[in-house]
Amino acid sequence: MTHLVYWNQLLLRAAVRLACLAAVLLLVPVLAFSGKAEAAAGDGELAELYSRLLQGYKEHQPLPPEPSARPTVYLTFDDGPSGLTPQVLDLLKAEGISATFFVLGQMAERYPDTVARIVEEGHSLGNHTYNHVYKELYNNFDAFWEQTVDTERILQELTGQRPSLLRAPGGTYTNFDAFYYYYLQEAGYQVVDWNVDSGDSKRRGVPAAEIVANVKQSPLHSELIVLMHDGKGHEETVKALPEIIAYYKEQGYTFASLTEENQPVQFRIGPLKWKRNTGYDQFVRQLGQVREHNSKVVASAHSEQEQAGNQQAESGLIDKDYAHDKRQESESLPLTITWDGEPVVLNSGQYQFDNGRFAVPLTELAASWDAELEWDEVTGEAVIRSGLREAAIDPNGGIIRWTNLSESKVYHMADVQRIDGEIYVGLRMMAELFDYRIVDYSLEPDDRTVHIESNKSLGFPWKRSPDASLSQSKL
């Protein structure tokens with residue numbers, strides 16, 4: 001009898017366990033497809049959109065950047081401004097290059113003058129949320145959106161600009177899902193990650209030498225977006241910056257700040273670190289919120305442009321024919337280059353001018369220097385010799401091989417391109433390779449002049465180490 005009771009208890013326990021397991025198995029698919037069920041009950045296209053986002057599909061995939069004739073590096077700085085940012089700005093100003101600053105709202109409030117200086121000196125400004133606290137930002141989009149709007153308001157008040165660039169603290173990988181991407185795109189923001197990590201935030205106090213090494217070990221592409229930080233505690237980044245700039249100049253890169261015209265670098269969507277509510281009702285609410293915000297921003301911008309246009313029209317400042325004539329006049333201006341006081345004039349069509357930089361035909365350069373010039377009709381390469389210096393130029397590979405007696409240097413992705421059968425080279429780069437320096441220039445609406453002098457010294461007029469960085473920031 002005792003044994004019978006015992007077995008009955010065992011059978012009862014087993015039955016209870018099986019019932020619980022069955023309930024769990026039935027509940028899992030219900031939970032898994034609850035989002036889809038909610039979407040099915042919603043409005044047609046909106047419900048389909050919700051289902052795609054729920055499955056992790058990005059609605060707007062950025063296009064790959066088009067290969068650029070002039071490889072470009074975009075230096076970006078996160079987490080500022082801070083007491084270090086003016087030092088960064090001083091270095092950039094000395095080099096004559098622009099960068100992009102993704103600023104925190106709370107830091108912008110502390111350093112309003114620095115934010116103003118960033119804009120005044122021609123750099124781009126981006127939104128980096130208000131306080132950078134991951135737990136707040138990524139547990140729910142409502143918090144992320146609130147911080148984004150707060151920072152947008154602060155920057156608008158400080159600079160009169162509403163930045164459209166945005167960088168996610170910590171980057172988007174494992175932090176963003178398809179919903180985050182879509183909401184921000186609908187709000188008029190362009191999300192930007194990076195393809196070169198300087199590693200300056202991997203731990204506290206990363207030494208400058210390691211930061212530089214991380215940059216140099218990164219693959220070279222036509223367009224590079226370099227992640228750095230100018231927030232408190234990044235003194236070593238400031239120390240590393242001059243060598244990073246010099247390295248990219250040696251590789252033939254030009255520098256620019258990001259704009260909304262750039263195709264953004266974005267990480268793929270990875271496994272999320274965060275648990276979020278992605279219910280259909282919340283999706284509808286959040287989407288409506290960001291779209292309404294963007295509508296107000298667009299309407300406000302349109303109103304401001306209209307008012308400005310009316311004011312100019314009333315003042316008689318708008319003359320479309322005059323503006324058109326001045327633009328054509330600017331495009332047809334001759335370029336005067338003085339080599340140690342001797343002027344050489346290049347007429348419209350004999351040189352290229354783009355983004356503040358001049359490129360001139362190699363034949364014209366050789367004639368100005370009275371240099372030897374050899375062409376290889378098979379490979380399309382050219383060799384120019386002047387004094388003790390020689391440069392072999394490969395326009396197809398964008399490579400310049402420079403030699404000076406026993407010294408040599410190879411510049412990859414150099415400022416060189418082929419146009420209509422002629423090789424065009426960067427004026428500043430070639431001048432510095434052959435021991436000249438630009439001492440002054442004019443980019444006035446009616447005057448384009450560049451004054452260049454040689455660095456000739458006693459007995460050895462062409463002695464300049466190729467390890468000295470090339471100043472390709474302007475012209």
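Me: A residue is called buried when its relative accessible area is under 20%. In this predicted model, what makes K249 count as buried?

Reply: The relative accessibility of K249 is 1%. The limit for the term is under 20%, and K249 therefore counts as buried.

Me: What makes the contact of K249 and E95 a salt bridge?

Reply: The side chains of K249 and E95 meet at 2.5 Å, N to O. The term requires a side-chain nitrogen of Lys or Arg within 4 Å of a carboxyl oxygen of Asp or Glu, so this pair is called a salt bridge. K249 belongs to helix 11 (residues 235–250) and E95 to helix 4, so the pair ties together parts that are 154 residues apart in sequence.

Me: Why is E95 called partly exposed?

Reply: E95 has a relative accessibility of 26%. Partly exposed covers the range between buried, under 20%, and exposed, over 50%; E95 therefore counts as partly exposed.

Me: Which salt bridge joins D90 to R117, and what parts does the pair tie together?

Reply: The side chains of D90 and R117 meet at 2.6 Å, N to O, in a salt bridge. D90 lies in helix 4 and R117 in helix 6, so the link ties together parts that are 27 residues apart in sequence. With a relative accessible area of 44%, D90 is partly exposed. R117 also meets the side chain of E121 in a salt bridge, at 2.7 Å, N to O. E121, at 28% relative accessibility, counts as partly exposed. Elsewhere, salt bridges that share partners join E372, E374, R385 and E390 into one network. A search of the whole structure finds 20 salt bridges.

Me: How do you know whether helix 4 is roughly parallel or antiparallel to helix 6?

Reply: The axes of helix 4 (residues 85–95) and helix 6 (residues 112–120) cross at roughly 20 degrees and come within 10 Å. That makes helix 4 roughly parallel to helix 6, because angles under 35 degrees count as roughly parallel. Their crossing is left-handed.

Me: What angle decides how helix 8 and helix 9 are described?

Reply: The axes of helix 8 (residues 141–159) and helix 9 (residues 178–186) cross at roughly 30 degrees and come within 11 Å. The limit is under 35 degrees, and the two helices are therefore roughly parallel to each other. The crossing of helix 8 and helix 9 is right-handed.

Me: Is T129 buried or exposed, and how is D370 classed?

Reply: T129 has a relative accessible area of 0% and is therefore buried. D370 stands at 70% relative accessibility; exposed means over 50%, so D370 counts as exposed.

Me: How do you know the form of the peptide bond from G80 to P81?

Reply: Its omega is near 0 degrees, and the bond is cis. P81 is in the loop between strand 1 (72–80) and helix 4.

Me: What makes L443 part of a nonpolar patch on the surface?

Reply: F353, Y441 and L443 form this patch, with about 240 Å² of accessible area together. Patches are made of residues with over 30% relative accessible area, and L443, at 39% relative accessibility, counts as partly exposed. L443 is found in strand 20 (residues 436–444).

Me: What else lies in strand 20, and how is D440 classed?

Reply: D440 has its place in strand 20 and, at 44% relative accessibility, counts as partly exposed. The C-alpha atoms of D440 and E453, 13 residues apart along the chain, are separated by 9.5 Å.

Me: Why is L433 called buried?

Reply: L433 has a relative accessible area of 0%, and the limit is under 20%, so L433 is buried. L433 is found in helix 15 (residues 427–433). Its C-alpha atom is separated by 8.3 Å from that of A391, 42 residues apart along the chain.

Key
Residues numbered from 1 in each chain as written. Predicted model: local features only at pLDDT ≥ 70, side-chain atom pairs only at ≥ 80, totals over all residues. Heavy atoms only, no water. Patch = residues over 30% accessible without salt bridge, like charges linked within 9 Å, V, L, I, M, F, W, Y side chains within 5 Å. Areas by Shrake-Rupley, 256 points an atom, 1.4 Å probe, with all protein chains shown as cover. Helix = DSSP H or I, 4+ residues; strand = E, 2+ residues; numbered from the N terminus. Buried < 20%, exposed > 50% of the residue type's maximum accessible area, 1.4 Å probe, protein only. Axes fitted to C-alpha atoms, helices over the stretch in contact; angles between N-to-C directions. Parallel < 35°, antiparallel > 145°, perpendicular 65-115°, else oblique. Left-handed = near helix turned anticlockwise from the far one by under 90°.
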